[in-house]
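Please keep the sequence and the structure in view while reading.

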Amino acid sequence: MAVAIETVGLEKRYRQGTRTVEALRGIDLKIEEGEFVALLGSSGAGKTTLLQIIGLLDRPTGGTLALLGQDVTHLDRASATRLRGTTVGFVFQEFCLVPELTALENVALPATLRAQVAPADPHAWLKRVGLGDRLHHTPRQLSGGQMQRVALARALVGSPRLLLADEPTGHLDSETAHEIFELLADLNARDGLTILAATHDAELAARAGRQVRLEAGQLREGTRP
Amino acid sequence: MLLRLTWLNLRRRPARTLLTVAGVATAAAAAVALFAFQRGYQRAVAHDVADLGFEIMVTAPGCPYEIATVAMTGGAGLKYIDDSLLDDFSALPEVDQATPFLLQAVRGPADSGWLTLVGIELDSYRLFKPSLRLSEDIPGDERGRWPEPTASREEVVLGAGLAEATGWRIGEVIQLESLPGLKITGILAPTGGRDDGVVLIDWRLSQRIFERPGRLTGIGLRLRSDESAVAAFEEHVAAMGGIQIVDTSAVGERVVDLVHSTEALLLAIASVAGLIAALGVVNTIWLSVVERIPELGVFRSLGASRGDLFALIWSETIVTCAVGGCVGTLFVLLGGGAIEGWVRSQVPYAPRETLVLFEAEWLGVGIAGAIALGFVGGLLPAWRAAALRPLDAIRRGE
Ligand SMILES: Nc1ncnc2c1ncn2[C@@H]1O[C@H](COP(=O)(O)OP(=O)(O)OP(=O)(O)O)[C@@H](O)[C@H]1O
Ligand SMILES: [Mg+2]
């Protein structure tokens, strides 16, 4: 199998006035295509930072990053935007849906915003995440778990090979959180989607095929609770 | 669909959007009304002057504007000159045509206001107004004829508008105040000018029934077109006393000039209104961008490019302004009558024709101007949205 994500000595330093925060200190991470990896770590460990760099929302200050075999460390802004649209799907702790749009319209949003993208099938993706009967509900009329499913469908509608989820269950009760992780596991198993999902919750992380733990910007592979 | 998103964003803060639209609408309305009035007034004055048919009028001394106004719009109250002057002026070699007129006003039937009886010498009057003819489609079988040019036959013709308003018909004998009955021999074809609303009567007949023997309100003149005519005319007039020469086209130009002189001021007002509206739009959209920073960041994470966000915000601004422009223009279009009434009550001399003239051109300019406002005003907030780093946008939302 090809390598989906590969980082070598990845570093991120934030400069704040005279202080520098070393958020990532030399991350060597290799994720094969088709893997479902849970990213564990306490608050401030650097999970969000790592996901944002991998998702091309931010740049590392050191080391290299390759996505699907392509070195993207020094990608220009336009190419990064293009790759973000075609290769990577993002979900966040906040579902970040547009409150005035229906579930279907929210899922169609990526295509709406980018006229050049071929129209995807938002309908099918909502069915895939189990919301086939909630197409025309607005976020206000949906539960938290349902909103995260809509966000998931929106992240997947462009058929990315890679899904990055930053604490996707942070705002959900534990039962709903389990459902979402089950859905992620199912997407991984049936659609072959490569998933990297950050979470605080070791129990949820156990659903993933593999776990990595971030501690103060450094990686501890395969630790189990 | 992008437009639907635009529309939704604008609907999120309906009150704010409405106020912004109202601001743009006001500016557009001001501009359109201004230019519609400008055009309409100029055209109407020019029309009135042309309609009068006289280049030059000889009257008793008085305010030339008052004289021109009364002569152009009807009415009476001017001082008289002696009708022997008609022969004097006709005899001048530089005078090509001369025609006498005697204006009298009487109460119209049943409180319809004042009615102007224009005393004319039909043959010479028609030389000044070759387009004057009798209506050919009068209801009934009578075709009508011109009154006999004599003081002894009590006959008149009516303007088309007057005939319609009063219902008077050919052959009818009308009774005005204590005048002898006047028989209607014909009705004029509509002229679109003063003659639509007046009664034309032979000047000698008018002198007799109003008991003004030897009196005229004035004499209309046309000079020969050779260059020395004006100088010769001025020389001859200087030698005569007790008269006033009114150059009607000069009066018309003066009136138009007066309107013109306010144009700069009104233009400045319209520009300031436009500027304020533009700032309002920039402010509103800018605010809505700042409010939506996290959301816009998520859009970036979904693959939207800087250009996509720019287009989204820009289109919001343009739509706001376009709607404002249309509303404002529509408002002026519908409210044109009210504006006209107000203007008429404000200006000393209002021509009979529509003052507020809507030219497609100006309606287009109102809308296009508003859209242009959106084009320019939208650049700043759109640039702001495009300049957002997706990372900052998302972090701020956490
Ligand atoms: N823009 C920034 N400027 C300066 N420091 C930052 C910035 N973003 C993150 N940091 C710092 O980097 C470190 C890692 O932050 P990060 O958000 O990646 O942690 P996290 O593991 O996602 O935490 P949490 O579980 O609370 O979300 C923290 O010490 C944080 O304060
Ligand atoms: Mg985080």
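Predicted model: local features only at pLDDT ≥ 70, side-chain atom pairs only at ≥ 80, totals over all residues.

Strand β5 of chain B comprises residues 155-158. B:Glu155 and B:Val157 point one way from this strand, while B:Val156 and B:Leu158 point the other way. All of these residues are buried.

Strand β5(B) pairs with two strands of chain B, described here in turn. With β8(B), residues 199-202, the pairing is antiparallel and runs over 3 bridges. In β8(B), B:Leu200 is the bridge partner of B:Val157.

## Two helices of chain B

Helix α2 of chain B spans residues 14-52, and helix α9 of chain B spans residues 248-291. Their axes come within 8 Å of each other and cross at roughly 170°. Because angles over 145 degrees count as roughly antiparallel, α2(B) is roughly antiparallel to α9(B).

The contact of α2(B) with α9(B) can also be described by residue class: 20 residues are nonpolar, 12 are polar and 3 are charged.

## The site of ligand 1

There are 15 residues around ligand 1, and those that come nearest are A:Ser43, A:Gly44, A:Lys47, A:Thr48 and A:Thr49. The site is shared between chains, because the residues that surround ligand 1 come from chains A and B.

Several polar atoms of chain A lie close to oxygen atoms of the ligand, as the following distances show. A polar side-chain atom of A:Ser43 is 2.4 Å from an oxygen atom of ligand 1. For A:Thr49, an N or O atom in the side chain is 2.6 Å from an oxygen atom of ligand 1. A:Ala45 contributes a polar backbone atom, at 3.3 Å from an oxygen atom of ligand 1.

## A buried leucine in chain A

Helix α1 of chain A, residues 47-54, contains A:Leu51. Is A:Leu51 buried or exposed? Its relative accessible area is 0%, so A:Leu51 is buried.

A:Leu51 and A:Ala165 are 114 residues apart in sequence. In space, their C-alpha atoms are 7.9 Å apart.

Methods:
Residues numbered from 1 in each chain as written. Chains lettered and ligands numbered in written order. Heavy atoms only, no water. Buried < 20%, exposed > 50% of the residue type's maximum accessible area, 1.4 Å probe, protein only. Helix = DSSP H or I, 4+ residues; strand = E, 2+ residues; numbered from the N terminus. Pairing = 2+ DSSP bridges. Axes fitted to C-alpha atoms, helices over the stretch in contact; angles between N-to-C directions. Parallel < 35°, antiparallel > 145°, perpendicular 65-115°, else oblique. Nonpolar A, V, L, I, M, F, W, Y, C, P; charged D, E, K, R; others polar. Near = heavy atom within 4 Å. Polar contact = N/O pair within 3.5 Å; in protein donor to acceptor, adjacent residues only side chain to side chain.
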